[in-house]
Amino acid sequence: MPELPEVETVMRGLEPVMMGQKIRYADIRRPDLRWPFPENMSQRLIGAKIVRLHRRSKYILCDLDSGETLLIHLGMSGRMTISHAGNESEDLLGNFQYKPSIPAKHDHVILDMQGGARISFNDARRFGAMDLIDTKNLFDHKLIKSLGPEPLGNEFNTPYLYSKLKGKAAPIKSALLDQRIVSGLGNIYVCESLWRAGINPKRLSGKVSRKKIDVLVPFIRDVLREAISAGGSSLRDHRQANGDLGYFQHSFAVYGREGKKCNSVNCSELIKRIIQSGRSSFYCSKCQK
DNA sequence: AGGTCAACCTGAGCGC
DNA sequence: TGCGCTCAGGTTGACC
């Protein structure tokens with residue numbers, strides 16, 4: 001599920017239980033996710049205090065007072081769950097005793113915070129990743145350094161996108177999924193943005209007019225901002241319910257709506273689904289040219 | 001160089 | 001109830 005808005009929502013949910021707090025215990029329950037975890041990850045985490053939480057593209061970054069940054073990627077199925085540890089004890093001298101409870105299936109990393117929150121990284125498909133890197137070299141990290149601009153930032157604008165798409169043979173759909181061009185968009189929000197802008201996903205990048213790009217850029221921002229605020233509200237609901245961060249309801253105009261009627265006011269066309277570079281694209285053939 | 005595609009995994013949903 | 005098939009919000013590395 002996680003594209004930029006979901007990652008942003010998860011990060012905001014982690015903030016109140018992690019910021020300024022020490023990690024009391026880190027339970028690394030398997031050797032790897034997509035890649036092996038870094039050497040001695042749990043020792044390097046235990047005792048460290050979170051001094052900053054931020055996001056770059058779909059990566060959550062936790063800066064620690066040890067000078068290292070914990071990088072988290074949720075992959076396709078990664079989620080974070082917050083619960084109260086509730087099963088540790090502390091003696092009168094302040095010695096912390098960790099008594100593990102039964103973790104949920106696919107809970108791979110569990111962090112117990114000083115304030116009592118237990119943060120579980122759960123990822124059935126294990127496409128997610130974690131790494132620990134020098135904070136000062138963070139932006140040289142191989143997963144970070146070739147990322148394009150943030151779609152909500154100032155660097156992402158019509159002249160920029162136009163110059164990147166100019167002369168490109170790949171369809172616009174694939175170009176917008178390319179994290180080197182713009183970072184943080186995924187399949188859902190690309191489909192939604194293209195529908196709003198009236199651009200057919202099959203249209204070749206180099207053949208999208210500057211005028212259309214001028215329309216597209218603000219729609220990309222709108223779609224992301226709306227999703228972030230929707231996430232914010234459902235985050236509050238979820239936190240009350242079960243602490244699960246990451247999965248919430250959105251209403252989409254085209255994504256997942258194959259065969260249903262186009263949402264556009266005067267359109268009765270049915271939404272189509274095609275496969276582009278191995279992924280589903282949903283669009284209206286009448287509204288998107 | 002640029003573009004496409006299989007591969008990495010598990011689980012949900014659907015038709016039979 | 002179960003089997004087999006398709007699909008899933010991401011990314012990389014191998015291949016044309």
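Which residue in β3 does R55 stand opposite? The points below take this up, along with the rest of the predicted model.

1. **Overall make-up.** The model is predicted, not experimental. Chain A holds 6 helices and 13 strands. Of its 289 residues, 37% are buried. Take the contacts in chain A with a separation of 6 or more: 69% of them link residues 24 or more positions apart.

2. **The four-stranded sheet.** One sheet is open and has 4 strands. Their order is β2-β3-β4-β10, and the pairing is antiparallel. The edges are β2 (50-56) and β10 (129-134), each of which pairs on one side only. From one strand to the next, the twist averages 20°.

3. **The β2 and β3 pair.** The opening question belongs here. R55 stands opposite I60 in β3. Strand β3 covers residues 59-64. With β2 it forms 6 bridges, in the antiparallel sense. Such pairing in a sheet runs through backbone hydrogen bonds.

4. **Helix α1 on the sheet.** Helix α1 (residues 4-18) packs on this sheet and touches β2 and β3. The direction of α1 makes about 175° with that of β2. The helix has 15 residues. From first C-alpha to last, α1 reaches 20 Å, close to the 21 Å expected at 1.5 Å a residue.

5. **Burial in α1.** This helix is mostly covered, with 12 of its 15 residues buried. Among the buried residues are L4, V7, V10, M11, L14, V17 and M18. E6 and E8 are buried too. After α1 comes G20, with a positive phi near 75°.

6. **Helix α5.** Helix α5 (residues 187-197) is also mostly covered: 10 of its 11 residues are buried. They include I188, Y189, V190, C191, L194 and W195. E192 and R196 are also buried in α5. G198 follows α5, and its phi is positive, near 70°.

7. **Strand β9 and its partners.** How many of the 7 residues of β9 are buried? The count is 6, so β9 is largely enclosed by the rest of the structure. Strand β5 (residues 78-84) joins β9 through 7 bridges, and the two run antiparallel. β8 also pairs with β9 in the antiparallel sense, over 5 bridges.

8. **The β8 and β9 hairpin.** This hairpin has 3 residues between its strands. There, G116 takes a positive phi near 105°.

9. H106 has a phi near 70°, a positive value in a residue other than glycine. H106 sits in the loop between β7 (96-97) and β8 (107-113). R126 is not a glycine either, yet its phi is positive, about 60°. R126 lies in the loop between β9 (117-123) and β10.

10. Are H106 and R126 buried, partly exposed or exposed? H106 is partly exposed, because 17 other C-beta atoms lie within 10 Å, and a buried residue would need 20 or more. R126 has 16 C-beta neighbours inside 10 Å, so R126 also counts as partly exposed.

11. **The surface at DNA strand B.** Which residues are around DNA strand B? They are K105, A124, R125, R126, F127, K168, A169, A170, S174, S277 and G278. By class, this surface has 4 nonpolar, 3 polar and 4 charged residues.

12. **K211 in α6.** K211 is found in helix α6 (residues 210-241). It is exposed, because 9 other C-beta atoms lie within 10 Å, and 12 or fewer means exposed. K211 and Y162 are 49 residues apart in sequence. In space, their C-alpha atoms are 9.7 Å apart.

Conventions
Residues numbered from 1 in each chain as written. Chains lettered and ligands numbered in written order. Predicted model: local features only at pLDDT ≥ 70, side-chain atom pairs only at ≥ 80, totals over all residues. Near = placed C-beta within 6 Å. Nonpolar A, V, L, I, M, F, W, Y, C, P; charged D, E, K, R; others polar. Pairing = 2+ DSSP bridges. Axes fitted to C-alpha atoms, helices over the stretch in contact; angles between N-to-C directions. Contact = placed C-beta atoms within 7 Å. Expected span 1.5 Å × (residues − 1).
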